[in-house]
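My entries follow in the order in which I made them.

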Amino acid sequence: MLVDSYDRVVDYLRVSVTERCNFRCQYCMPEKPFSWVPKENLLSFEELFEFMKVAIDEGVKKIRITGGEPLLREDLDKFIKMIYDYEPSVDLAMTTNAYLLKGTAQRLKDAGLKRINVSIDTLKPDVAKAIAGKDVLKNVLEGVDEALRVGLKVKVNMVPMKNMNFDEIIEVLEYCKNKNMSIRFIEYMENKFASKDISGVKSPELLAKLKEHYTFEDEGFDGSSPSHYVRMKDAYRFGIIEPYEDDFCKKCNRIRLTAEGNLIPCLYFDEALSISKAIKSGDIKAAAEVLREVVRTKPEKNRWGGEDGESSSRAFYETGG
Ligand code: SAM
Ligand code: SF4
């Protein structure tokens, strides 16, 4: 079992399989990137799988595949199947923008994927285009329908932003409710890659607006989920992710692996240790030691909203959010 210095059990690994993306969401990526990590620096799926085995053997029970956009990486279903065949009880999930899901959902489900989180920030094609930098909405919505059709569980993530999509929170919530999908509103987290024009919405304002339409009660955190849940009168639950809140990190159970093999103990911080050398040389013991060390050094809290300012130098597209 992996336990950090604050007695938190770490059993959730988020794996970014690529930092590349077919979108340029204003809150995540600069319009003009920049240099991607050269492909030869990425760990192959075989190498990543070697580390998945180490992590599972050490006590990881949930693996989420993310990115960048994970569906850009070829043979993702084969990677999922490797993990599933090694330990079918692992809770295998993926976070995706859904643009490429229509043609791939069935294969991913057959490979062992159980659940997906999809980013839907708007139901208006022009707003989706403004946020993502291209005309994406039709593909995204068709991808979601396909995922539901093949039997994947789907949760939706929405980042509400002023003068952008805040006026759509009811519509997006209703869309999710009608399709029996849960929605989580994620507070925009400042980072140096995002557009300067973005202004996020904090939860009091969000809840006040939702209260104009619904009656609901606060249910608090659910297990180690970063989301705090709210139950509406008709029993539909939605979540709010508030990384600026004091108790956000109390139950954090996750660490992150980048496509290059950097193991990161907290989304906010720059600190990371590489598993690349150990894995590439087949030194499983050394890889396990890096994993334990990263868990040991996991900080008590992120620093969003803290004394050092609110902006992280970590790129969400690199760490997978
Ligand atoms: N490309 C996939 C997607 O968009 O779902 C997976 C990677 S994306 C980095 C993972 C999550 O991070 C998405 O739900 C996205 O909305 C969220 N995210 C990215 N930048 C963010 C920011 N600055 N603040 C809050 N959430 C952010
Ligand atoms: Fe790509 Fe996801 Fe970032 Fe949007 S949020 S740019 S889809 S990685």
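Entry on ligand 2. I sorted the shell around ligand 2 by class and got 5 nonpolar, 2 polar and no charged residues. For these classes, Ala, Val, Leu, Ile, Met, Phe, Trp, Tyr, Cys and Pro count as nonpolar, Asp, Glu, Lys and Arg as charged, and the others, Gly among them, as polar. The surrounding residues are Cys21, Phe23, Cys25, Tyr27, Cys28, Gly68 and Asn97; a residue is taken as near if one of its heavy atoms lies within 4 Å of the molecule.

Entry on conventions. I note that this is a predicted model, in which local features need pLDDT of at least 70 and side-chain atom pairs count only at pLDDT 80 or more, while totals for chains, interfaces and linings use all residues. Residues are numbered from 1 along each chain as its sequence is written, chains are lettered from A and ligands numbered from 1 in the order in which they are written, and side-chain values use heavy atoms, with hydrogens and water left out.

Entry on α1 and α2. Helices (H or I, at least four residues) and strands (E, at least two) are DSSP runs, numbered from the N terminus. I looked up how helix α1 (residues 45–58) packs on helix α2 (residues 76–86): the angle is about 30° and the axes are 10 Å apart. That makes α1 roughly parallel to α2 (under 35 degrees; over 145 is roughly antiparallel, 65 to 115 roughly perpendicular, the rest oblique). Axes are lines fitted to C-alpha atoms, for helices over the stretch in contact, and angles run from 0 to 180 degrees between N-to-C directions. The crossing of α1 with α2 is right-handed, that is, the near helix is turned clockwise from the far one by less than a right angle. On the α1 side the contact (heavy atoms within 4.5 Å) involves Phe45, Glu46, Leu48, Phe49, Met52, Lys53, Ile56 and Asp57, and on the α2 side Leu76, Phe79, Met82, Ile83 and Tyr86. By class, this contact has 10 nonpolar, no polar and 3 charged residues.

Entry on α1 and α9. I then turned to helix α9 (residues 284–296), whose axis comes within 10 Å of that of α1 and crosses at roughly 60°. The two helices, α1 and α9, are therefore oblique to each other. Their crossing is right-handed. Glu50, Phe51, Val54, Ala55 and Glu58 of α1 meet Ile284, Ala287, Ala288, Leu291 and Arg292 of α9. I count 7 nonpolar, no polar and 3 charged residues in the contact of α1 with α9.

Entry on positive phi. Asp7 is not a glycine, yet has a positive phi of about 65°. Asp7 sits in the segment before β1 (12–16) and is exposed at 67% relative accessible area (exposed is over 50%, buried under 20%, partly exposed in between; 1.4 Å probe, protein chains only). Ala235 also has a positive phi, near 80°. I found Ala235 in the loop between β8 (227–232) and β9 (237–241), partly exposed at 41%.

Entry on Val201. Is Val201 buried or exposed? Val201 is buried, at 3% relative accessibility, and lies in the loop between β6 (182–186) and α7 (203–211). Not counting residues up to four places away in sequence, Val201 touches Pro160, Met161, Lys162, Phe166, Glu187 and Leu206.

Entry on Lys153. Lys153 belongs to strand β5 (residues 153–158) and is exposed, at 59%. Beyond its neighbours within four places in sequence, Lys153 contacts Lys114, Arg115 and Ile116.
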